[in-house]
Amino acid sequence: MLPTPPPSAALALRRLTLHDLPHCLELAENRGWFPDRRLWTLLLTAGTGYGIDDSRGGLRAVCVSHRYGPEERPGLTVLSMLLVSRDHAGQGLGRRLLSEVIAQEPVDALALYASDERAPLYEDLGFRTAATGNVETLEGHFTGAGAIPGVRARRATAGDLRALLDVDREIFGLDRTPLLARLPAFADRMSLAEDAEGQVLGFAALRTEPHAALLGPLVAREPVLARALVADLVHEVRTPVRIVLENHQEELRDWLTGHGLRSVFHSRLMLRGAPALPGNRFQRYAPLSTATG
């Protein structure tokens, strides 16, 4: 007779490494998510993965955190990728895992993006829906837009990274170097907008997967710069384009929907210990992913 598996409450939380990547992908597929190898690799290297092992092999549950700001005193933690295998759903494992992760974070300001279905769980753990910062996923075949007149947009290289980090720190409000320093290797294309003197005014990145071209992050000083960055990155893309757009960016949304994209999903921003996200929300258009904020 096989031994009885230990109850969820008796299982230990542990830090994940890249060796756990195959198990994270298996768990994503188990819950009907696209097994995004590149994204999970980024999450486990730029962020901190937490997991609970399954006694039969693999993982019962996972969660990822990203800390932004000085390493010794971060200003914000973004939580994401809370997944519990189907075999162990409905046992309180997700609640327990997230509670333990929150207890290990060295900062009070926490953020996550939630579906309406999951919002009650996060509310029970002290999160509240933010007044601003909700996001809408747009997807579709981008059509009919060339270069935006009067804007200097060009492809970025790894040599532009320092300038990108500087403008991102000012717009986002906190340093995101551990995440964005990996952007040249993570993305297939990066573009930046600059003024006549070569000062960077915004940037965006695009990566391609078989099902879609995923655009983000996107930060820019003005809406016309955001449009120019999108046009520069996607004008030759043949697959559907997907972007997670902050809801208050109505001008860019109208432009995107006018060029073939449509709304496919909404997520709400939920915060704990902070009234709002830091930085300039009017110059922040799209995160790299809701998994990173």
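Predicted model: local features only at pLDDT ≥ 70, side-chain atom pairs only at ≥ 80, totals over all residues.

Colleague: Fine. So what does Ala 61 touch?

Modeller: Leaving out residues up to four places away in sequence, Ala 61 touches Leu 27, Tyr 50, Gly 51, Ile 52, Leu 83, Val 84, Leu 93 and Leu 97.

Colleague: And where is Ala 61, buried or exposed?

Modeller: Ala 61 is in strand 3. Its relative accessible area is 0%, so Ala 61 is buried.

Colleague: How far is Ala 61 from Ala 12?

Modeller: Their C-alpha atoms are separated by 11 Å, and the two residues are 49 apart along the chain.

Colleague: What about Arg 60, buried or exposed?

Modeller: Arg 60 is in strand 3 too. With 2% relative accessibility, Arg 60 counts as buried.

Colleague: Switching to rings. How many aromatic pairs are there?

Modeller: Three aromatic pairs in the structure. One of them is Tyr 68 with Phe 172, an edge-to-face pair at 5.5 Å centre to centre and 80 degrees between the planes. That pair links distant parts of the chain, with Tyr 68 in strand 3 (residues 59-68) and Phe 172 in helix 5 (residues 161-172), 104 residues apart. Tyr 68 and Phe 172 are both buried.

Colleague: Why is the pair of Tyr 122 and Phe 127 edge-to-face?

Modeller: Because the planes of Tyr 122 and Phe 127 are at 70 degrees, with ring centres 6.3 Å apart. The cut-off for edge-to-face is over 60 degrees. Tyr 122 is buried, and Phe 127 is as well.

Colleague: Back to Phe 172. Which residue lies over the face of that ring?

Modeller: Arg 176 does, 4.0 Å from the ring centre of Phe 172.

Colleague: OK, helices now. How do helix 1 and helix 2 cross?

Modeller: The axes of helix 1 (residues 21-30) and helix 2 (residues 37-46) come within 10 Å, crossing at roughly 125 degrees. The two helices are therefore oblique to each other. The crossing is right-handed. On the helix 1 side the contact is made by Leu 21, Cys 24, Leu 25 and Ala 28, and on the helix 2 side by Arg 37, Trp 40, Thr 41 and Leu 44.

Colleague: And helix 8 with helix 9, at what angle do those axes cross?

Modeller: Roughly 35 degrees, with the axes of helix 8 (residues 223-234) and helix 9 (residues 250-257) coming within 9 Å. That crossing is right-handed. Pro 223, Ala 226, Arg 227, Val 230 and Ala 231 of helix 8 meet Glu 251, Leu 252, Trp 255 and Leu 256 of helix 9.

Colleague: Last topic, backbone. Where is there a cis peptide bond?

Modeller: From Gly 216 to Pro 217, with omega near 5 degrees. Pro 217 is in strand 11 (residues 212-220).

Colleague: And what is phi of Met 81?

Modeller: Near 55 degrees, a positive value in a residue other than glycine. Most residues other than glycine have a negative phi, and most peptide bonds are trans.

Colleague: So where is Met 81, and is that residue buried or exposed?

Modeller: Met 81 is in strand 4 (residues 76-84). The relative accessibility of Met 81 is 10%, so Met 81 counts as buried.

Terms used: Residues numbered from 1 in each chain as written. Heavy atoms only, no water. Phe/Tyr/Trp six-rings, centres within 6.5 Å; stacked < 30°, edge-to-face > 60°. Helix = DSSP H or I, 4+ residues; strand = E, 2+ residues; numbered from the N terminus. Buried < 20%, exposed > 50% of the residue type's maximum accessible area, 1.4 Å probe, protein only. Lys NZ or Arg CZ within 6 Å of the ring centre and 35° of its normal. Axes fitted to C-alpha atoms, helices over the stretch in contact; angles between N-to-C directions. Parallel < 35°, antiparallel > 145°, perpendicular 65-115°, else oblique. Left-handed = near helix turned anticlockwise from the far one by under 90°. Contact = heavy atoms within 4.5 Å.
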